[in-house]
Amino acid sequence: MNLDHTLISALGIDFITVEKGKIVATMPVNEQTRQPFGFLHGGASVALAETVASVGAVELIDLDKEICFGLEINANHIKAKKDGEVTATATVLHQGRTTMVWDIKITDEADDLICVSRCTMAVVPKKNV
């Protein structure tokens, strides 16, 4: 999968663990991911959350026959962060035929919770795309 010129590369997201039902990725808190007041942008956290859920869903579908898309995402921003790195851990809560639900926890280097998110993924037959 070529990640060049994608939001994933622009945000500096790096995948640590990619396995069926669990994805772990890191993202720097830097000039690309901060809001104007110097804190991690909530939208960057949501982009990280949807990214790990999407990659997780891809690991569980038949890519020859199916494709997946984010259907719904919510996020609670728990703690602010100015620099360093955050880690997103996504685990599948529900794996159905047409939808998946993923739980995503974003933590800092001290394992403090920065953001918690839930993402619903739609699984669609490729012939309908």
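**Reading a pocket and its surroundings**

Reply: Rolling a probe the size of a water molecule over the atoms shows where empty space is left. In this predicted model, the largest pocket found holds about 270 Å³ of space.

Me: Which residues lie nearest the centre of the largest pocket?

Reply: The lining consists of 10 residues, and those nearest the centre are Ile 8, Glu 50, Thr 51, Ser 54 and Val 55. Two elements, α1 (7–11) and α2 (42–60), each give two or more residues to this lining, and α2 supplies the largest share, with six residues.

Me: How many residues of the lining are nonpolar, polar and charged?

Reply: Sorted by class, the lining has six nonpolar residues, three polar ones and one that is charged.

Me: Now I would like to step back to the whole chain; in what order do its elements run from the N terminus?

Reply: The chain has two helices and six strands, and from the N terminus on they follow the order α-β-β-α-β-β-β-β. The radius of gyration of the chain is 15 Å, close to the 14 Å that the globule rule gives for 129 residues, so the chain is as compact as a globular protein of that length.

Me: What share of the residues counts as buried?

Reply: Of the 129 residues, 37% count as buried, taking buried to mean under 20% relative accessible area. As for the surface, the chain exposes about 7100 Å², of which carbon and sulfur atoms supply 52%.

Me: How should I read the contacts along the chain?

Reply: Among contacts with a separation of 6 or more, 60% are between residues 24 or more positions apart.

Key: Residues numbered from 1 in each chain as written. Predicted model: local features only at pLDDT ≥ 70, side-chain atom pairs only at ≥ 80, totals over all residues. Heavy atoms only, no water. 1 Å grid on protein atoms, 1.4 Å probe; cavity = no way out; pocket = protein on both sides within 12 Å on 5 of 7 lines; lining within 4 Å. Points joined across faces, edges and corners; volume = space filled by probe spheres on them. Helix = DSSP H or I, 4+ residues; strand = E, 2+ residues; numbered from the N terminus. Nonpolar A, V, L, I, M, F, W, Y, C, P; charged D, E, K, R; others polar. Rg over C-alpha atoms; globule rule 2.2 N^0.38 Å. Buried < 20%, exposed > 50% of the residue type's maximum accessible area, 1.4 Å probe, protein only. Contact = heavy atoms within 4.5 Å. Areas by Shrake-Rupley, 256 points an atom, 1.4 Å probe, with all protein chains shown as cover.
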